[in-house]
Amino acid sequence: MSLQSTIETHVKAAVAEIYKAELPAVEFQATRKEFEGDITVVVFPMLRVVKGNPVQIGTQIGEYLVAQVEEITAFNVVKGFLNLVVADAFYMNAFAEIQATENFGKTPEAGKAVMVEYSSPNTNKPLHLGHVRNVLLGYSVSEIIKAAGSKVYKTQIINDRGIHICKSMLAWERYGNGETPESTGLKGDKLVGNYYVKFDQEYKKEVAALVAQGKSEEEAKKEAPLLLEAQEMLRKWEAGDAETVALWKKMNQWVYDGFEVTYKNIGVDFDSYYYESNTYLLGKDNIEEGLKKGVFEKDPDGSVWCDLTEDGLDRKIVLRADGTAVYMTQDIGTAIQRVKDHPDVGGMIYTVGNEQDYHFQVLFLILKKLGYDWAENLFHLSYGMVDLPSGKMKSREGTVVDADDLINEVAATAGEISEELGKLDGYTDEEKKALYKTIGLGALKYYILKVDPKKRILFDPKESVDFQGNTGPFIQYTYVRIQAILRKAKELNVPASVEGARDLHSKEKELIKLVQDYPATIQLAAAQKSPAIIANYTYDLVKEYNSFFQQVQILGTDNVADQSFRVALSKEVGQVIESAFGLLGIDVPERM
């Protein structure tokens, strides 16, 4: 039984004995720094069942707890808050348990698996800053859920068909002169993306020419020869035209090869891939099934709809009058196919921007109505857009921040700052380059993941690579400081060990309390699908460690037992930082 459970049991017993009343629950909070104590019982909610003065009630319960609970050594009451002082021995025992626990904080795998979808790019352009937030969120949530005890499958659906793909294909065919990633030295996704931009430039010229001839802008946009040709190319693709399909396969492969380089650079991976070209026909059978069950209804023109008005939504089309599928049809079919492919999946998480909130509300509701039990465990990991100080990004105008360029930029910024700090004597150029990438990527990932997913982000690359404040490099630097202490302790033959009882310094106690919170923090982050909870917990731990480092002598004290304990405590904090940053997909360097 945890200390909180023990205290709760005794608080209820105290209320029953002193006031002859039954307390349904006990509310706790951390003791405020200005008061003595380690855990606080909030008295105010008890006034529903116990009549009286909150200070008097708190005092009587405090006296009862000191008499009955071995771990409680003292108390004080401030207004309606009962602050309890917990014995050092309790924290020393807790620390010994933490030290003895392998993979501390993580829970062994059990129960149904969870599938997490993220990235899901289009094959007409490279990954950009918006995709970066998506892949970082999806990957981190996958790792957190895994650490909380679930098996996880990481997947994506690649949007590899449609008019936007044909635009890149047509522009390459028309203006590319046969150039390839090999002949240009460009990554394949960048090469294809350039032709998407090229299509838009040439299309705008055609529209302007038609407007000059007297067409309205709306007419010109629909009648521009380039667009008509792209539409014809799409029809050929759908009809299986050999030449069109061969071009589509070739250019898509260039893009996939480029994506893989970016994913490797960012440090994310996938267990499976789904392709829209394979899934766009899925779901039609499910519509037939839904019609029989009465989930869907057919209109006189032959189109099929799902009426969700009684659920507070609207009527949603799931099949056009000509029998062709819409995105919703495809998403229904893909979800069902994924569970067929992975029968142990009991739920899915879709990492998609918040402009699709309504789509997922509808999708999840339809899947529930179709009677799938796993549909109760579907979650839209909805996130806000990423803006730059210069404003919004637009792919077709070529004003996006390319993911690869961004990675290079943060690494270069990390290099400039590290050179200024001048602490890299003895490093080879290769070692420096690797370190700059570790610091730069850590900065980028932390800056994005420390923000609640629902919030919009204004991304400033320079601000992210600050070595002070709530940043990735600041936390990495603290980890490096701990590793330096551990290396020095090894040189001095100081073991990282804990022997016998001891009186704890208040800073030691605060650190143990925070380390103790790590398993519950993982569970909370998994439940809320929020890496921000892990990121900000790690920052709090690091702030507390730096305060401990400033105020408590670690290797400088003459007391050998103090040295050994503080080295052991430092080591444990370092391990939690490394573990927590691992859940965010961030590496920690040994030296900086």
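The side chains of Arg-566 and Asp-562 come together in a salt bridge, at 3.9 Å from N to O. A salt bridge here is a side-chain nitrogen of Lys or Arg within 4 Å of a carboxyl oxygen of Asp or Glu. The model is a predicted one, in which local features need pLDDT of at least 70 and side-chain atom pairs count only at pLDDT 80 or more, while totals for chains, interfaces and linings use all residues. Residues are numbered from 1 along each chain as its sequence is written, and side-chain values use heavy atoms, with hydrogens and water left out.

Back to that pair: Arg-566 and Asp-562 are four residues apart in helix H22, so about one helical turn separates them. Helices (H or I, at least four residues) and strands (E, at least two) are DSSP runs, numbered from the N terminus. Arg-566 counts as buried at 9% relative accessibility, and Asp-562 counts as buried too, at 17%. For these labels, buried means under 20% relative accessible area, exposed means over 50%, and partly exposed is in between (1.4 Å probe, protein chains only).

The salt-bridge count comes to 39. One of them joins Lys-509 to Asp-88, with the closest N and O atoms 3.7 Å apart. This pair ties together distant parts of the chain, as Lys-509 belongs to helix H19 and Asp-88 to helix H3 (residues 88-100), 421 residues apart. Lys-509 is buried, with a relative accessible area of 11%. Both residues also take part in a salt-bridge network, whose other members include Lys-33, Asp-38, Lys-507 and Glu-544. In helix H7 (residues 188-212), Lys-198 and Glu-202 are four residues apart, or about one helical turn, and their side chains meet in a salt bridge of 2.9 Å, N to O. Here Lys-198 is partly exposed at 25% relative accessible area, whereas Glu-202 is buried at 13%.

Next comes helix H20 (residues 518-528), where Tyr-518, Thr-521, Ile-522, Ala-525 and Ala-526 are buried. Looking down the axis of H20, these buried residues fall within an arc of 135°, so they line one face of the helix. The arc is taken from the directions from the helix axis to the C-beta atoms. What do they pack against? The buried residues of H20 pack against helices H4 (129-147), H19 (506-516), H21 (531-551) and H22 (560-583), with contact meaning heavy atoms within 4.5 Å. Just after H20, Lys-529 takes a positive phi of about 50°. The charged end of Lys-529 sits over the ring of Phe-379, 4.7 Å from its centre. To qualify, NZ of Lys or CZ of Arg must be within 6 Å of the ring centre and within 35 degrees of the ring normal. Arg-481 likewise has its charged end over a ring, that of Phe-549, at 4.2 Å from the centre.

One is formed by Tyr-545 and Phe-548, which are tilted, with 5.4 Å centre to centre and 50° between the planes. Rings of Phe, Tyr and Trp (its six-membered ring) pair if their centres lie within 6.5 Å; planes under 30 degrees apart count as stacked, over 60 as edge-to-face and the rest as tilted. Tyr-545 and Phe-548 are three residues apart in helix H21, so about one helical turn separates them, and both are buried. Elsewhere, ring pairs link Tyr-118, Phe-259, Tyr-263, Phe-270 and Tyr-273 into a cluster.
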